[in-house]
Amino acid sequence: MIEEYLLAVCEDGTSSEIARALGAIARARGITELAHKTGLTRQALYKALSGEGNPELATITKVAEALGLRLTLVRAPKNKQDAA
C-alpha cells in the first residue's frame, strides 16, 4: 500500500509532494530509526521531508534506501515529455 501511494505521488506530484509523501511514510515507520539508518538528524529529516524543504537527491536516496525502496528513472510517456 505504501509503494502504491508513493508511486501515485511520483507519477503526478511535484517535488514538494513527493518529499511530503516520503515524510509521511518516514513518520509512520519511525523518524528516530530512519535517522539512525541514514546518518541524518531527526530535525534534518523533518525539514527535508516536510514539503517545504528542498532536499538534495542524496538525502532522498538515503531515505528511500532506509525505507527499503530504490529510486528508478523511467522514460516518460510521450505526451508528458512533449509538455516538458
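C10 sits in helix α1, where helices are DSSP runs of H or I spanning at least four residues, numbered from the N terminus. The model is a predicted one: local features need pLDDT of at least 70, side-chain atom pairs count only at pLDDT 80 or more, and totals for chains, interfaces and linings use all residues. Residues are numbered from 1 along each chain as its sequence is written, and side-chain values use heavy atoms, with hydrogens and water left out.

With a relative accessible area of 39%, C10 comes out as partly exposed; that label covers the range between buried (under 20%) and exposed (over 50%), using a 1.4 Å probe and protein chains only. C10 and A21 are 11 residues apart in sequence, and their C-alpha atoms are 9.1 Å apart in space.

C10 also turns up at the largest pocket, as one of the residues nearest its centre, along with L6, I18, L71 and T72. A pocket here is an open set of points on a 1 Å grid over the protein atoms alone, where a 1.4 Å probe fits and protein lies on both sides within 12 Å along at least five of seven lines; lining residues have an atom within 4 Å of a point. The pocket holds about 1,000 Å³ of space, the volume being what is filled by probe spheres set on the points, with points joined across faces, edges and corners.

In soluble globular proteins, nonpolar side chains tend to be buried together.

What does L49 touch beyond residues up to four places away in sequence? The list is A19, R20, L22, G23, A26, R27, I60 and V63, with contact taken as heavy atoms within 4.5 Å. L49 is also 8.2 Å from S16, C-alpha to C-alpha, across 33 residues of sequence. S16 belongs to α2 and is partly exposed, at 27% relative accessible area. The side chain of S16 reaches the backbone oxygen of G51 at 3.1 Å. This is a polar contact, meaning a pair of N or O atoms within 3.5 Å; within protein, one must be able to donate a hydrogen and the other to accept it, and residues adjacent in sequence count only if both atoms are side-chain atoms. G53, in the loop between α4 and α5, is partly exposed at 22%.

Turning to the threonines, T38 lies in α3 and counts as buried because its relative accessibility is 9%. A polar atom of the T38 side chain lies 3.2 Å from the backbone nitrogen of L40. Neighbours within four places aside, T38 is in contact with L45, K62, V63 and A66. T59, in α5, is buried as well, at 16%; with neighbours within four places left out, T59 is in contact with L40 and A48.

Terms used:
Helices (H or I, at least four residues) and strands (E, at least two) are DSSP runs, numbered from the N terminus.
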